[in-house]
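Hi,

Here is the structure I said I'd pass on. Have a look at it first, and my notes on what turned up follow below.

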Amino acid sequence: MVEVARYEGERRIVGAVVASASLAAFGGTMLLVAPGLLEQVDLTAYAEQLPPSLVESFGLEQIGTLAGFMAAELYVFGWVFGLGTYVAYLAAGSLSGRIDDGTIELVLAAPISRTQLLAETYVAHLLPVALANVVVAAVVYGGSVLIDDPLRIADVVAVHALSVPYLLCCVAVGTLCSVLAPSRRIAEATGAGAIAATYVVSVAVTGTDLDWLAMVAPAHYYDPVAVLTASEYDLAGAGILLGAAAVLLAAATVRFREVDV
């Protein structure tokens, strides 16, 4: 009953390994340069010269510490923006790719419903999400120990655990785009663009009268800076992201049942 999920997962192994290795290498590099940089440059004083809204948007309040530096450099940019956009792009190209190349007809000729096909395709994206979390968490915590400035292991575990609902929501956005868009290219552009655009909007409106617009962005409900620098775990935000993912998947299922393939 999980043949589609297994097949789709196997197709994503190489990409998942490359993405995880790239993020791990980036995180390792940040750990290597952090001690010298934090000793030679007063990043806290530098951040105080920036507009308050910019400091709040990018979580630069604690950038003078290793936890704040890693949160801002790796998790805000690499994780929230980079990995979130990547998994949305992957999901957006899944079903739309099969529709474009005609292979979806062969799949649906087997005893499998469209709902099951969509669900298993979605589940297959757990592989890149899980692999990236395990590999990067090990590199970040192990690296911080090696440079003799260990991060709190509970915070490292939490920052990755709480990123899972965020990334699952991004995958759900891509899945919905996959069944709404008329072609794979448009679906991929729309899926990745939706995550990137809502993130940019959430940053742009922070500290303004329009900051309520940030609520449409999945990134609004996952704050790696608060986790790593203040041990604040936003469980309500994680619940909102999981609820949003469920709604998006329900909408995608309804649409996929009706779409002409």
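Helix α5 passes α9 in a right-handed crossing (right-handed if the near helix is turned clockwise from the far one by less than a right angle, left-handed if anticlockwise). Helices here are DSSP runs of H or I with at least four residues, numbered from the N terminus. The axes of α5 (residues 66-92) and α9 come within 12 Å and cross at roughly 165°, which makes α5 roughly antiparallel to α9. Axes are lines fitted to C-alpha atoms over the stretch in contact, with angles running from 0 to 180 degrees between N-to-C directions; under 35 degrees counts as roughly parallel and over 145 as roughly antiparallel, while 65 to 115 is roughly perpendicular and the rest oblique.

On the α5 side the contact is made by L66, M70, L74, Y75, W79, L83, V87 and L90, and on the α9 side by P128, V129, A132, N133, V136, V140 and S144. Contact means heavy atoms within 4.5 Å. By class, this contact of α5 with α9 has 13 nonpolar, two polar and no charged residues (Ala, Val, Leu, Ile, Met, Phe, Trp, Tyr, Cys and Pro count as nonpolar, Asp, Glu, Lys and Arg as charged, the others, Gly among them, as polar).

Before you go further: this is a predicted model, where local features need pLDDT of at least 70 and side-chain atom pairs count only at pLDDT 80 or more, while totals for chains, interfaces and linings use all residues. Residues are numbered from 1 along each chain as its sequence is written, and side-chain values use heavy atoms, with hydrogens and water left out.

Now L167, in helix α11. L167 touches W79, L83, G84, V87, V129 and N133, not counting residues up to four places away in sequence. Its C-alpha atom is separated by 7.2 Å from that of V87, 80 residues apart along the chain. L167 counts as buried because its relative accessibility is 0% (buried is under 20% relative accessible area, exposed over 50%, partly exposed in between, with a 1.4 Å probe and protein chains only).

Helix α11 (residues 163-180) also pairs with α14 (residues 235-258): their axes come within 8 Å and cross at roughly 15°, so the two are roughly parallel. α11 passes α14 in a left-handed crossing. Residues making the contact include P165, L168, A172 and L176 of α11, and L241, A245, L248 and R255 of α14. By class, the contact has 19 nonpolar, one polar and one charged residues.

Next, D155 in helix α10 (residues 153-161). Buried or exposed, at 3% relative accessibility? Buried, because 3% is under the cut-off. The side chains of D155 and R152 are joined by a polar contact of 2.9 Å (a pair of N or O atoms within 3.5 Å; within protein, one must be able to donate a hydrogen and the other to accept it, and residues adjacent in sequence count only if both atoms are side-chain atoms). Leaving out residues up to four places away in sequence, D155 touches V227, L228, S231 and Y233.

That brings in S231, in the loop between α13 (224-230) and α14. Its phi is near 55°, a positive value in a residue other than glycine, and S231 is partly exposed at 31% relative accessible area. D148 has a positive phi too, near 65°. D148 sits in the loop between α9 (126-146) and α10 and is exposed, with a relative accessible area of 67%.

Cheers
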